Amino acid sequence: MSSTTAQSGLARARRGLAPGGSGGGHRIPNDGLNRKSKLSGQTKRTFFWLLLPSIVLLILINGYPLIYAGVQATHDGSLIDTGNFVGVDNFATVLSSAAFWKAAQFTLWFTIVGVFGSWLVGLGLALLLRTKIPAGGTFKVLLLLPWVVPIVVSSTAWNWLVATPDSLIPSIFRNLGLGTPLFLADPHLAAVMVMVFKVWVSFPFMMMMISAALASVDTTVYEAASMDGASKWQQFTQITLPMIARSTYISWILMTIFCVNDFPTIYLLTGGGPVDATTSLVVLAYRSVFQDFQTGPGVAIAFLMTVTLVVVSVFLYRQIRKSSVE
Amino acid sequence: MNVQSETSRHFSRRGFLGLTAAAAAVPLLAACGGGSASSSGSSGTIKFWDMPWGTPAYNDAAKKLVEGFSGANSKASYQIIQWNNFYQTFSSAIASKTGPAVSTGGGFQAFQFEQQGQIAYADKVIDALKKNGQFDDFLPGVLDPFKSDKGYVAVPWQLDMRPLWYRKSLFDKAGASVPTDWPSLLEAGKKLKSIGAVGFATGSGAGNNIGNHLMIMMMINNGGGVWTKDGQLDVMNDRNVEAVEFLLELVSNGVIDPAAVSYTTDNLDAQWKKDGKAAFGMYVLGLDKRVGDTSGDLLVASPMAGPHGDKATLVFPNNIMMYKNTPSQDASEAFLTYYMGQIKELWRQKLMNGLPVFKSITELPEFAGDPNNVKIVKEYQPIAKTFAAQGTSLNANLAVLDGGQALNQFTQTILTGKTDAKTALAAFQSGLQSVIKK
């Protein structure tokens, strides 16, 4: 079969058309999404009043701290006393600090590895669990454990595994003649360790997201692609990935937010050390406010994080729209 | 695309952005949100907030003592405040006027809140203690650090001492003598290393301050310190440089565990257990009980002498403070005076990990029955210095030194050994300068 035929088959498969069909084949239902509905003025008013308590609550919960944080970021006070207005001095201090850029760099790597690492592991396992394997349900539950177990417990367990030269994993390395790596004492290894830990904690979330997306893919599209001569790899790249694109982008957005805002994973395992090697922006903000008692600069860091997250999220949201249109 | 779906799309995008912003604001909320503050205690009741200074049995006993108060037409209520985010908890409660009237807390907390005008001075309590005889019962020097120009900022009630401990069996096995000065520490450390033991155990991992305290202890053990006598920064003095050079020598000789930089308190405790590797090091009072080995193999060593003959260790005088926000200042003072008279019971019941501030408590059989305790009172308490060394007066900047990033980064730099003394101290000084209040 020519590649043109395969491509054509894949395109038809993605559209949900049966082999040889002319458009009258089974389509994935899309009820409600494009339905035109006109609400009466009365209904709109009812909706407004029903929504109002939630809107007010959201403003109180999110708006007040946000505004107060804005006040703190532009003042030189403490948690008790707002202090004097200093304009953008705190932002200037933060942006000219080497510690901020080092933490930003670590946060970037931590996020990239955390998002894509957990996505790749989650995707692999979701595809594996889709096949018929014995005790698949049990595996699914077991694979959820890293996500379900409280982070305090899992960080303690990981500490036991790697912290001292006599811990299990360094001992295995030593017995294999690979030396005794100090996984949390060496700055580079500690950074890698924290990222691996994050992937371990996060992959079940990705696995569930992708599993849910895969479950909605009609298996007949694969049959159609096979009949049109598409290889397994072609089916994966041109059917599976596009079909789960929307879930993928949503999971990337969520995991980006989880990674950038992640405090306990890092703080419980390394405390941001050694020598700031694993200090992320949120850890730096925490230390500034609660250890150095520099409220203004600490909150300024949090503000900068928020802005960055919104920009990244908007970009990824646009990708979702794009994938929806396609 | 129809008009309605276009509207929906815009609406959901705004909704989405709102949700994203809300999620992204989590660190802001975390940074700015207040901790839970109790509003328990009716008007006229003195609210006493206490930390978990020992096992839950400690808090139960302290609660009974507090609830036994009735003076100045008032009563007292008791609330435990967890160490986790305690400063945030106190700050938000004080800011919202729902804080305690009297509390224990962080070692330098009283000075931080004094700086913000929230502390009621304890001079009248001190006068009352003079009248009832307890003033003369204080161990020498424990009260002085709390006296400021305006009055007593707080009243000490226990001392968090940093003595040196050793495991006798490991020294016997290595054929080493217990160090009495720095050269003998290096010599013993090398012998201990040869049997796989650690000659100077410490740790600076997540949440572990022992390494930080060790750095300062070695400086003041050499007659140095972070501050001058009048409280100015003095990180780069020669004694500090000498102390840090010695610490780096210990690191390069493997006397300090190369993995110590990442050790949490759990990791360090494990090293001090019966089959652990720690042979010698600075730790807290009651280490033997902490690691469950009271066989007599874990002992307190005598203080080491520095190269110039100086002897000193580090102490944190934990204290009880009164706040201006109280239903009655007279009642606060009456309560604190009463409570200082009751704390002996906590040592009598063996619930305390700290050293008492009153001589009479050190003489209790329940305390003096432990030879390690006796040695600490006799040999360490008289030479103990605070974080304020070379000065003596405590102040708010010490809180920044104790828990701040500058000291932690300095300690971790030294423990990784990839620096020289002057570079590390210069970075430490610069880090401190950027955060201390002038």
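**Close-up views of a predicted two-chain model**

**Figure 1. Helix 4 of chain B and its buried residues.** In helix 4 of chain B, the buried residues are B:Y87, B:T89, B:F90, B:S91, B:S92, B:A93 and B:I94, where a residue is called buried if 20 or more other C-beta atoms lie within 10 Å of its own, exposed if 12 or fewer, and partly exposed in between, with C-beta atoms placed from the backbone. Helices (H or I, at least four residues) and strands (E, at least two) are DSSP runs, numbered from the N terminus. This is a predicted model, in which local features need pLDDT of at least 70 and side-chain atom pairs count only at pLDDT 80 or more, while totals for chains, interfaces and linings use all residues. Residues are numbered from 1 along each chain as its sequence is written, and chains are lettered from A and ligands numbered from 1 in the order in which they are written. Because seven of the 10 residues of helix 4 (residues 86–95) of chain B are buried, this helix is largely enclosed by the rest of the structure. The cover over its buried residues includes helix 13 (281–290) of chain A, together with helix 5 (109–115) and strand 10 of chain B; contact here means that the C-beta atoms of two residues, placed from the backbone, lie within 7 Å. After helix 4 of chain B comes B:K97, whose phi is positive, near 60°.

**Figure 2. The loop between helix 12 and helix 13 of chain A.** A:P274 is found in the loop between helix 12 (264–269) and helix 13 of chain A, and the peptide bond that joins A:G273 to A:P274 is cis, with omega about -5°. The loop between helix 12 and helix 13 of chain A also holds A:V275, which has a positive phi of about 50° although it is not a glycine. A:D276 lies in the loop between these two helices of chain A as well, and its phi is positive, about 65°, although A:D276 is not a glycine.

**Figure 3. Strand 6 of chain B and its partners.** Seven of the eight residues of strand 6 (residues 155–162) of chain B are buried, so this strand is largely enclosed by the rest of the structure. Strand 6 of chain B runs antiparallel to strand 10 (residues 313–323) of chain B, and seven bridges join them; two strands are said to pair if DSSP finds at least two bridges between them. Strand 6 of chain B is also joined by two bridges to strand 11 (residues 355–356) of chain B, again in the antiparallel sense. Which residue stands opposite B:L159 in strand 10 of chain B? In strand 10 of chain B the residue opposite B:L159 is B:P317, and in strand 11 of chain B it is B:L355.

**Figure 4. An open sheet of three strands in chain B.** Three strands of chain B form an open sheet in the order 8-7-9, with antiparallel pairing. Strand 8 (280–282) and strand 9 (298–300) of chain B stand at the edges, each with a single partner strand, so one side of each is left without a neighbour in the sheet. Strand 7 (residues 164–167) of chain B pairs with strand 8 of chain B in the antiparallel sense over three bridges, and the bridge partner of B:W165 in strand 8 of chain B is B:G281.

**Figure 5. Helix 13 of chain B.** At 1.5 Å a residue, the 14 residues of helix 13 (residues 329–342) of chain B should span 20 Å, which agrees with the 20 Å between its end C-alpha atoms; the expected span is 1.5 Å times one less than the number of residues. The buried residues of helix 13 of chain B include B:F335, B:L336, B:Y339 and B:M340.

**Figure 6. A cis peptide bond in chain B.** The peptide bond from B:A389 to B:Q390 is cis, with omega near 15°. B:Q390 is placed in the loop between strand 12 (384–385) and helix 18 (397–403) of chain B.
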